[in-house]
Amino acid sequence: MIDRLLVANRGEIARRVFATCRAMGVQTVAVHSDADADAPFVAEADQAVRLPGATPAETYLRADLILDAARRSGADAVHPGYGFLAENAEFAAAVTDAGLVWVGPPAKVIAAMGDKLAAKALLAEAGVPMLPSWTDTDDVADFPVLVKASAGGGGRGMRIVRTADELAEAVASARREAAAAFGDGTVFIERYVERGRHVEVQIFGDTHGNVHVLGVRECSIQRRHQKIIEEAPGDLPPGLHDRLHETAMAAGRAVDYVGAGTVEFLLAPTGEFFFLEMNTRLQVEHPVTELVTPVGLDLVRMQLLVAEGAPLPAHHHYPATRGYAIEVRLCAEEPAQGWRPATGTLHRFDVPGVDREFGWIQRAGLRLDSGVVAGSVVGVHYDSLLAKVIAVAPTRSEATRALAGALARAELHGVATNRDLLVRVLRSPEFAAAEIDTGFLDRHPEVFTPLLPADQVPLTALAAALAGAAHRRATAPVLAGLPSGWRNVPAVPQVSRFVGPDGDEIEIRYRLDRTGRLADWSSTSAAEDSAERRAATDTAGSAGEPTVALVEATADRVVLDVDGVRRTYRVHRVGSAVFVDGPGGAASLIELPRLPLPTAAVAAGSLLAPLPGAVTRVHVQVGQRVAAGDPLLTLEAMKLEHPVLAPIDGVVAELPVPAGGQVQTGAVLAVIEEEDAR
């Protein structure tokens with residue numbers, strides 16, 4: 001039996017495995033980079049071993065370091081998690097050669113399925129339906145096609161190509177990204193199915209020749225070919241579940257599969273389905289399968305038991321489901337900056353109504369699988385996934401509503417996330433009707449709009465201003481009982497200025513009477529003519545502002561009566577950052593100083609790095625004329641390529657960072673001058 005398990009992974013993945021180990025009485029060992037030394041998963045392990053390395057990301061990819069950590073900690077088994085080395089056949093072989101128990105499929109199975117081209121050929125012989133594919137660009141005649149990395153997945157190294165002219169560059173870009181993500185730049189080309197759905201089947205094998213099917217998952221809501229919403233058992237046509245089960249089982253038996261695995265398919269609008277790939281590991285979205293099993297399966301527990309040599313039950317009812325489960329991937333991303341990965345300190349992380357973390361829920365409820373807690377630092381070295389939030393309920397509509405409501409009320413402060421996008425998708429009529437496919441987000445740009453309407457931002461800023469005034473008054477050394485800024489004879493109003501969610505400056509002007517009630521207020525944005533606005537705004541409710549009465553104001557809670565309807569705003573201040581959660585949505589504001597100090601300014605036309613990374617390619621030269629939208633350079637961060645485009649027509653005046661150069665957030669990448677200015 002396994003006594004002490006080392007998990008060769010990090011974050012939410014390690015915490016998920018540790019949760020099962022605690023329930024089973026298995027001791028745990030974490031490995032960590034310097035960047036993860038204070039991460040929650042390290043604190044939760046019974047032992048932790050630091051992995052040295054040139055870069056934080058490199059440490060988790062060093063098999064020799066991980067095996068040394070297992071020896072030093074006395075671990076007798078290794079679980080690879082579901083990332084990094086999880087699908088590395090050489091690592092699996094090295095673990096077993098070291099006399100340790102490998103919690104996963106045999107190395108030969110990982111190798112066979114890790115090469116997607118070889119896997120397609122092998123499973124085609126077993127009768128698994130395949131899409132036509134090519135390795136030579138000259139052989140491609142029909143478009144659209146999809147360029148795919150042979151050695152990995154997760155959306156990295158994938159490009160949709162619709163014309164022959166785009167193919168060469170797409171292949172070159174996919175190769176670079178695949179090499180950076182997986183250490184292998186091999187790619188192939190596959191026919192792209194418009195309006196296709198991504199469905200997958202969870203399989204499980206043991207060392208006694210049994211291969212079981214545990215049900216279907218729907219994973220069609222994707223962005224950049226990466227799944228963001230998954231559900232089980234999936235809203236599929238009658239009879240399709242059984243056909244998918246049979247095909248997935250045939251694939252598993254064809255390779256003598258052992259452990260947890262996933263067979264992924266592309267479902268065409270015609271009802272045909274085609275093999276995509278077999279993932280020889282536990283999937284990120286496995287919780288939705290666990291939550292709809294009638295017996296409450298723990299897939300990590302099953303992995304450990306199979307690794308110990310236990311057989312799967314001879315008689316089972318796994319495909320039978322109870323209820324419906326939906327999972328969202330909550331990621332650190334900047335919506336205002338093209339959904340680039342976000343970094344920073346997570347000052348507050350609170351999802352209301354969570355019934356269980358990392359476990360099965362007997363009835364309807366919410367599950368949270370998180371790699372972070374309040375105070376966690378989100379860096380640039382790893383995937384942007386913060387947590388998975390999963391709802392289970394008797395029906396799909398109930399699960400959808402519960403999940404959307406919990407996300408909308410969650411307090412996520414300090415790091416930008418994709419929360420609003422997830423809620424918009426869940427609440428869309430098309431999602432409710434299960435009218436989904438892998439192109440859903442491309443056809444529905446409306447889901448990318450923030451939950452908080454633009455006309456509600458001034459009220460949010462007013463709540464922030466009133467909470468700030470209440471905080472200052474409560475902490476004042478004298479006269480704390482007087483309303484802030486009160487005068488016997490009304491003079492100038494109180495003024496607070498903020499940088500709003502869209503980067504515009506908002507000015508809030510308000511006056512309290514002697515009882516502390518709101519006498520009048522107004523707001524001005526940088527886009528408005530402030531002089532005319534102020535002249536027109538003499539009383540509350542004028543110039544289009546709603547009539548607002550102050551019901552209650554403390555440092556962390558403000559209640560406003562807005563045109564006869566009470567609204568409660570929760571306010572959290574960290575330095576100059578103010579996070580406000582209200583009934584219409586959440587907003588992150590930056591309070592500006594009343595007497596700002598002069599600061600240095602960058603040259604006009606400067607393009608700044610949105611996040612730390614490396615400049616992998618420079619496409620232009622100083623003095624070259626460019627048009628708006630032309631690529632200037634490529635920035636690589638978090639294993640993804642981010643093109644930097646010219647914002648205007650002009651001439652390249654400066655390129656301060658050469659190819660291969662490292663930059664921090666805010667560094668000048670290029671300067672474009674308008675030709676008239678020159």
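A charge sits over a ring if NZ of Lys or CZ of Arg is within 6 Å of the ring centre and within 35 degrees of the ring normal. Keep that rule in mind. R396 lies over the face of F431, at 4.3 Å from the ring centre. R191 does likewise over F274, at 5.9 Å from the ring centre. One caution before we go on: this is a predicted model.

Now ring against ring. The count is 6 aromatic pairs. Take F84 and Y382. This pair is edge-to-face, with 6.4 Å centre to centre and 85° between the planes. Where are the two residues? F84 is in the loop between β4 and α5, and Y382 is in the loop between β22 and β23, so the pair ties together parts that are 298 residues apart in sequence. F84 is partly exposed, at 27% relative accessible area. Y382 is buried, at 10%.

Next pair: F91 and W102. Edge-to-face as well, 5.6 Å centre to centre, 85° between the planes. F91 belongs to helix α5 and W102 to strand β5, 11 residues apart. F91 is buried, with a relative accessible area of 2%. W102 also counts as buried, at 7%. And back to F84 and Y382 for a moment: together with Y60 they form one aromatic cluster.

On to helix α7, residues 116–125. Which of its residues are buried? K116, A119, K120 and L123. What covers them? The cover includes α6, β6, β7, β9, α9 and β14. Look at the start of the helix too. There, a side-chain oxygen of D115 comes to within 3.1 Å of the backbone nitrogen of L117. After α7 comes G127, with a positive phi near 90°.

Positive phi turns up in residues other than glycine, too. R195 has phi near 60°. R195 sits in the loop between β9 and β10. R195 is partly exposed, at 48% relative accessible area. D256 has phi near 55°. Its loop runs between α9 and β13. Is D256 buried or exposed? Exposed, at 54%.

Last stop: cis peptide bonds. One runs from F143 to P144, with omega near 5°. P144 is in the loop between β6 and β7. Another joins A232 and P233, with omega about 10°. P233 is in the loop between β12 and α9.

That's the tour.

Note on methods. Residues are numbered from 1 along each chain as its sequence is written. This is a predicted model: local features need pLDDT of at least 70, side-chain atom pairs count only at pLDDT 80 or more; totals for chains, interfaces and linings use all residues. Side-chain values use heavy atoms; hydrogens and water are left out. Helices (H or I, at least four residues) and strands (E, at least two) are DSSP runs, numbered from the N terminus. Buried means under 20% relative accessible area, exposed over 50%, partly exposed in between (1.4 Å probe, protein chains only). Contact means heavy atoms within 4.5 Å. A polar contact is a pair of N or O atoms within 3.5 Å; within protein, one must be able to donate a hydrogen and the other to accept it, and residues adjacent in sequence count only if both atoms are side-chain atoms. Rings of Phe, Tyr and Trp (its six-membered ring) pair if their centres lie within 6.5 Å; planes under 30 degrees apart count as stacked, over 60 as edge-to-face and the rest as tilted.
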